[in-house]
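Hello,

Here is the structure I promised to pass on to you. Please have a look at it first, and then read on for what turned up in it.

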Amino acid sequence: IFMGEAHLVVAPPPVALPPEGLLKGKEGILNYQDLVFVLDLSVSQWDSWRGKPKWEWQKMFFNSTAITRKLAGSNVGVIVFGSQKPYHQNDCTDAVWLAKKGPFGARKIGELFGKQKPKGVSALFTAVEKALEKKPQKIVVVADGGDTCHSSPALSEKLKTEIARAAGTTIDVMALGKLPERDAGILSQLAMTGRGRFVAAS
């Protein structure tokens, strides 16, 4: 199935994230030497999915020896959103570099990852804009919804402008769990506008 230029893949239950739908093929993320992961740490990551909190599925990625070996030698950065302020503070700027882009170190990123706890709002657009500033070859977004701070069922004009400016960057999006139609639409738009792939793992 194709959605505009964003390839939609319905993924089977993953054993780690991202699933094979993003890993394999010519456009697979492991073929890139310059990546930024944008990961959801909003409070909804505590929701159970396939027997464990969604957040646990994300952590498994950095515990996968097969995957981390493939990333050795690549420049990798990790941004998390929703990790700094509790949800009730509604901090729409809550997106930070967990690991700035540089030579990949699985152990270091894994240790930093393990100290994080989901707690805040989904400042998705802010996180992607922050990743775009570094103009990586590939941005990989893992999220279970749209942006809490934007009520429109579309990308913000600011984000669309930043994506257009970063013409050499593609954005793949992994939708984690069963999403409301509005949120699925926003995430698929992000992949389509970012010239990437949208993977729905539900």
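This is a predicted model: local features need pLDDT of at least 70, side-chain atom pairs count only at pLDDT 80 or more; totals for chains, interfaces and linings use all residues.

Helix α5, residues 124-132, packs against helix α6, residues 157-165, at an angle of about 20°, and their axes are 10 Å apart. The two helices, α5 and α6, are therefore roughly parallel to each other. Their crossing, that of α5 and α6, is left-handed. On the α5 side, the contact is made by F125, V128, E129 and L132, while α6 brings in K158, L159, E162 and I163. Sorted by type, the residues in this contact of α5 with α6 come out as five nonpolar, three charged and no polar.

Next, helix α2, which spans residues 54-61. Is this helix enclosed or open? Six of its eight residues are buried, so α2 is largely enclosed by the rest of the structure.

Which residues does K54 touch, leaving aside its neighbours within four places in sequence? Its contacts are S44, Q45, D47, W49, D144 and L176.

A pair of aromatic rings is described by the distance of the centres and the angle of the planes. The structure holds one aromatic pair. In it, the rings of W49 and W57 have their centres 5.5 Å apart and their planes at 65°, so the pair is edge-to-face. W49 has a relative accessibility of 7% and therefore counts as buried. W57 also has a relative accessibility of 7%, so W57 counts as buried too.

Last, a glycine for you to find. G185 lies in helix α7, residues 181-193. Its relative accessible area is 22%, so G185 is partly exposed; the cut-off for buried is under 20%. How far apart are G185 and P153 in space, C-alpha to C-alpha? The distance is 7.2 Å, although G185 and P153 are 32 residues apart in sequence.

Enjoy exploring, and do write back with any questions.

Best wishes

Notes. Residues are numbered from 1 along each chain as its sequence is written. Side-chain values use heavy atoms; hydrogens and water are left out. Axes are lines fitted to C-alpha atoms, for helices over the stretch in contact, and angles run from 0 to 180 degrees between N-to-C directions. Helices (H or I, at least four residues) and strands (E, at least two) are DSSP runs, numbered from the N terminus. Angles under 35 degrees count as roughly parallel, over 145 as roughly antiparallel, 65 to 115 as roughly perpendicular and the rest as oblique. A crossing is left-handed if the near helix is turned anticlockwise from the far one by less than a right angle, and right-handed if clockwise. Contact means heavy atoms within 4.5 Å. Ala, Val, Leu, Ile, Met, Phe, Trp, Tyr, Cys and Pro count as nonpolar, Asp, Glu, Lys and Arg as charged, and the others, Gly among them, as polar. Buried means under 20% relative accessible area, exposed over 50%, partly exposed in between (1.4 Å probe, protein chains only). Rings of Phe, Tyr and Trp (its six-membered ring) pair if their centres lie within 6.5 Å; planes under 30 degrees apart count as stacked, over 60 as edge-to-face and the rest as tilted.
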